[in-house]
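Please keep the sequence and the model in view while reading.

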Amino acid sequence: MHYITNILYWISTGLLVPIILLLIYFFVRALLLVGGFFGQFLDLRKSQARLRPIIDSLTADNLNTLAEALPKKSRSLSVDCMKQILEAQDDVTRVEKILSDFELEAEKDMELPKTLAKMGPMLGLMGTLIPMGPALVGLANGDIASMAYNMQVAFATTVVGLFSSAVGFVTRQTKQRWYARDLNDLEFIANRIKEKYAKP
């Protein structure tokens, strides 16, 4: 039994370095995600201020108004899909495929926030529990310096894991609202196109 517990201890302590490296990687990705999220927010705010009144007043007869108002250069996924839908408006099957592709791309864009939200707490907890063993050993042996070092590692991994998770959670929730609204707009435009070509 003593050998088995030693094996488990060696395995757990051996996982500490990979977990710390993963936490650092997730921390860097979370910072990059925040920067990209802020840029996406500014771009979305600008395009919404310009296109919202036109979309709200859109009819089957004034689709060209929307086409003329779309910015020529935009990083917004929804704006690109609007352009594609208006270009392929006489092909209903193509329009439906564009809507499906938009949903897939939106889901792909939310993969990183979803990963951070789920994996951050897991890795943070593992990074917290693993150093607790050596810390308790140091406490039993009266080695306060070793105990303090291991406790410092435990608390640091918890904070980094929770930070990454919080960034992932907030960005995912916000992007879900953005993409839900964008999909609603795209479906509205697609329905207006159907009305246009359904007229005798």
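In this predicted model, the largest nonpolar core holds 26 residues, and the members that touch the most other members are Leu-51, Leu-66, Ile-85 and Ile-189. At least two residues of this core come from each of H2, helix H3 (63–69), helix H4 (77–87), helix H5 (92–109) and helix H7 (144–198), with H7 giving the largest share, 6 residues.

**Nonpolar cores**

- Leaving aside residues up to four places away in sequence, Ile-85 touches Val-95, Ile-98, Leu-99, Leu-186, Ile-189 and Ile-193.
- Another core, of 11 residues, lies apart from the largest one, and its members include Ile-19, Ala-30, Leu-33 and Ile-130.
- As general background, nonpolar side chains in soluble globular proteins tend to be buried together.

**Helix H2 against helix H6**

- Helix H2 (residues 16–56) and helix H6 (residues 111–141) have axes that come within 9 Å and cross at roughly 145 degrees, and the crossing in which H2 passes H6 is left-handed.
- On the H2 side the contact is made by Leu-16, Ile-19, Leu-22, Leu-23, Phe-26, Arg-29, Ala-30 and Leu-33, while the H6 side contributes Leu-112, Pro-113, Thr-115, Leu-116, Met-119, Gly-120, Leu-123, Gly-124, Met-126, Gly-127, Ile-130 and Pro-131.
- Sorted by class, the residues in this contact of H2 with H6 comprise 15 nonpolar, 4 polar and 1 charged.

**Helix H5 against helix H6**

- The axes of H5 and H6 are 4 Å apart, and the two helices pack at an angle of about 35 degrees.
- Here Glu-107, Lys-108 and Asp-109 of H5 meet Glu-111, Leu-112, Pro-113 and Lys-114 of H6.
- The contact of H5 with H6 counts 2 nonpolar residues, no polar residues and 5 charged residues.

- The side chain of Asp-43 reaches the backbone nitrogen of Ser-76 at 3.2 Å, and, not counting residues up to four places away in sequence, Asp-43 touches Ser-74, Arg-75 and Ser-76.
- Ser-78 is found in helix H4, and its relative accessible area of 3% is the reason why Ser-78 is classed as buried.
- The side chains of Ser-78 and Ser-76 are joined by a polar contact of 2.9 Å.
- With residues up to four places away in sequence again left out, Ser-78 touches Phe-102, Asp-182 and Leu-186; Leu-186 is also among the residues that Ile-85 touches.

**Val-160 in helix H7**

- Val-160 has its place in helix H7, and because its relative accessibility is 25%, Val-160 counts as partly exposed, a class that lies between the 20% and 50% limits.
- Apart from residues up to four places away in sequence, Val-160 touches Leu-23 and Phe-27, and Leu-23 is also one of the H2 residues that meet H6.
- Val-160 and Val-17 are 143 residues apart along the chain, and their C-alpha atoms are separated by 14 Å.

How values were computed:
Residues numbered from 1 in each chain as written. Predicted model: local features only at pLDDT ≥ 70, side-chain atom pairs only at ≥ 80, totals over all residues. Heavy atoms only, no water. Axes fitted to C-alpha atoms, helices over the stretch in contact; angles between N-to-C directions. Left-handed = near helix turned anticlockwise from the far one by under 90°. Contact = heavy atoms within 4.5 Å. Nonpolar A, V, L, I, M, F, W, Y, C, P; charged D, E, K, R; others polar. Core = buried A, V, L, I, M, F, W, Y, C linked by side-chain atoms within 4.5 Å. Buried < 20%, exposed > 50% of the residue type's maximum accessible area, 1.4 Å probe, protein only. Polar contact = N/O pair within 3.5 Å; in protein donor to acceptor, adjacent residues only side chain to side chain.
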